[in-house]
Amino acid sequence: MGQPAIRSPSFSCLWCGRSWTVRGPDDLEGWARLCPDCLGKAGDNEFLRFRLRAALEARGAAANPSPPTVTSGPTDPDLIAYYDARAPEYDDWYLRRGRYEHGPIHDTAWNAELDAAGRWLDSLPLRGRVVELAAGTGWWSPLLASKASELSMYDAAEAPLSRARERLVAHGLRAHLHVRDAWAPPEGDPADALFAGFWLSHVERARTADFLQVAGRWLAPGGRIVLIDSLPDPRSGAVDHPAPSADRSVRRLADGREFTITKVYRTPDEIAAAMNAAGFGDVAVTTTGRFFVLATAILAERQAGRHSRATSSPNSLRGTGTA
Ligand SMILES: C[S@@+](CC[C@H](N)C(=O)[O-])C[C@H]1O[C@@H](n2cnc3c(N)ncnc32)[C@H](O)[C@@H]1O
């Protein structure tokens with residue numbers, strides 16, 4: 001995964017779809033994959049502003065390459081751009097609305113399994129400081145916030161996190177919310193639990209161990225990792241999404257914009273083996289049937305504190321405060 005480099009001098013604008021050809025390798029349009037008109041409107045629009053910021057960073061990084069580090073290399077700007085743009089319609093997936101509706105038989109099964117996943121999460125002994133990585137629109141956050149004494153929620157995209165904040169406020173709950181990369185080193189006190197929903201499936205296969213190592217670094221000895229993720233059921237996504245292939249999925253938004261993202265469907269056995277190999281114990285991985293895989297494990301004492309923690313937030317994109 002790299003920066004949003006100019007893959008070809010011609011592209012379709014990610015916002016309006018217009019074809020555009022860059023004049024040279026330094027053109028910001030190429031880095032942002034936006035036409036000049038849309039780039040010019042970046043001040044008025046969150047998605048365009050995000051693309052502009054990412055383009056400036058990527059162009060700067062290309063001009064002054066720094067040695068790759070395990071914390072920043074795997075970040076995929078296209079994945080972040082996709083979820084930033086998808087934020088207003090993200091919950092349609094959970095709620096089986098619009099393009100995510102698959103008829104009463106499949107949708108009833110989906111709803112039952114979603115309930116089962118929620119009950120499973122609720123049954124876990126989560127307490128103390130809980131960290132949620134790639135929190136998105138915060139579907140699971142009210143449950144986490146109601147169990148934790150302190151919840152810290154992070155996501156690399158701003159738009160979904162704004163919705164998460166609204167959700168918490170609507171529930172009368174509080175959390176610390178920060179725009180922050182899931183690959184960044186941990187910050188703050190060691191956590192008692194770390195939750196990530198539908199995030200591991202966006203981690204490339206070759207990076208599984210790296211991510212579990214980052215997760216372990218957040219946790220106090222005996223801390224718990226909790227993951228909920230996708231099983232590869234054809235009725236899980238939108239009706240107009242092509243079948244995934246080779247760990248990549250083409251995703252469309254309601255307005256027709258298209259993104260190709262990493263989506264890796266790991267089996268329960270694969271997840272359990274990776275957790276064991278990463279030094280977690282009490283590994284328990286199960287499924288709800290068709291749609292969701294549920295995984296939890298405890299960080300073995302000898303693994304905890306193996307790595308230094310960040311005293312500041314070098315990869316923090318921008319603090320967004322507390323809800
Ligand atoms: C499938 S969504 C899951 C959202 C939420 N956890 C849930 O269970 O509904 C994946 C999330 O990962 C976020 N994301 C993508 N790349 C990221 C990165 N490098 N660091 C942190 N979050 C990232 C996206 O913005 C998106 O909100």
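These legends go with a set of close-up views of a predicted model. Local features are described only where pLDDT is at least 70 and side-chain atom pairs count only at pLDDT 80 or more, while totals for chains, interfaces and linings use all residues. Numbering starts from 1 along each chain, following the sequence as written.

**View 1. Strand 3 (residues 129–132), covered on both faces.** Helices (H or I, at least four residues) and strands (E, at least two) are DSSP runs numbered from the N terminus. R129 and V131 sit on one side of strand 3, V130 and E132 on the other, and all are buried. A residue counts as buried with 20 or more other C-beta atoms within 10 Å of its own, exposed with 12 or fewer, and partly exposed in between, the C-beta atoms being placed from the backbone.

**View 2. The parallel partners of strand 3.** Two strands pair if DSSP finds at least two bridges between them. Strand 4 (residues 150–155) runs parallel to strand 3 and is joined to it by four bridges; here V130 stands opposite L151. To get from strand 3 to strand 4, the chain passes through helix 7 (residues 141–147), in a right-handed β-α-β crossover (with the strands pointing away from the viewer, the path from the first strand over the helix to the second runs clockwise). Strand 6 (residues 191–197) also pairs with strand 3 in the parallel sense, over three bridges, and V131 faces L194 there.

**View 3. Around the ligand.** Of the 20 residues around the ligand, Y83, A134, G136, A157 and G197 come nearest; to be near, a residue needs its C-beta atom, placed from the backbone, within 6 Å. Sorted by class, the shell has 14 nonpolar, four polar and two charged residues (Ala, Val, Leu, Ile, Met, Phe, Trp, Tyr, Cys and Pro are nonpolar, Asp, Glu, Lys and Arg charged, and the others, Gly among them, polar). Helix 4 (residues 77–86) gives the most to this shell, with three residues. Nine of the 10 residues of helix 4 are buried, so the helix is largely enclosed by the rest of the structure; Y83 is one of the buried ones.

**View 4. Helix 8 (residues 158–171) and its two faces.** Its 14 residues reach 20 Å from first C-alpha to last, close to the 20 Å expected at 1.5 Å a residue (the expected span is 1.5 Å times one less than the number of residues). Which residues of helix 8 are buried? They are P160, L161, A164, R165 and L168. These cover an arc of only 150° around the axis, which puts them on the same side of helix 8; the arc is taken from the directions from the helix axis to the C-beta atoms. V169 and A170 are exposed, on the face turned away from the buried side. G172 follows helix 8, with a positive phi near 70°.

**View 5. The hairpin of strand 10 (residues 280–287) and strand 11 (residues 292–299).** The two strands pair in the antiparallel sense over six bridges, with T286 partnered by L294. Four residues lie between the strands, and G289 in the turn has a positive phi of about 130°.

**View 6. Positive phi without a glycine.** Most residues other than glycine have a negative phi. F198, in the loop between strand 6 and helix 9 (208–218), has a positive phi of about 55°. F198 is partly exposed, with 17 other C-beta atoms within 10 Å. A246, in the loop between strand 7 (219–230) and strand 8, has a positive phi of about 50°, and is exposed, with 6 other C-beta atoms within 10 Å.
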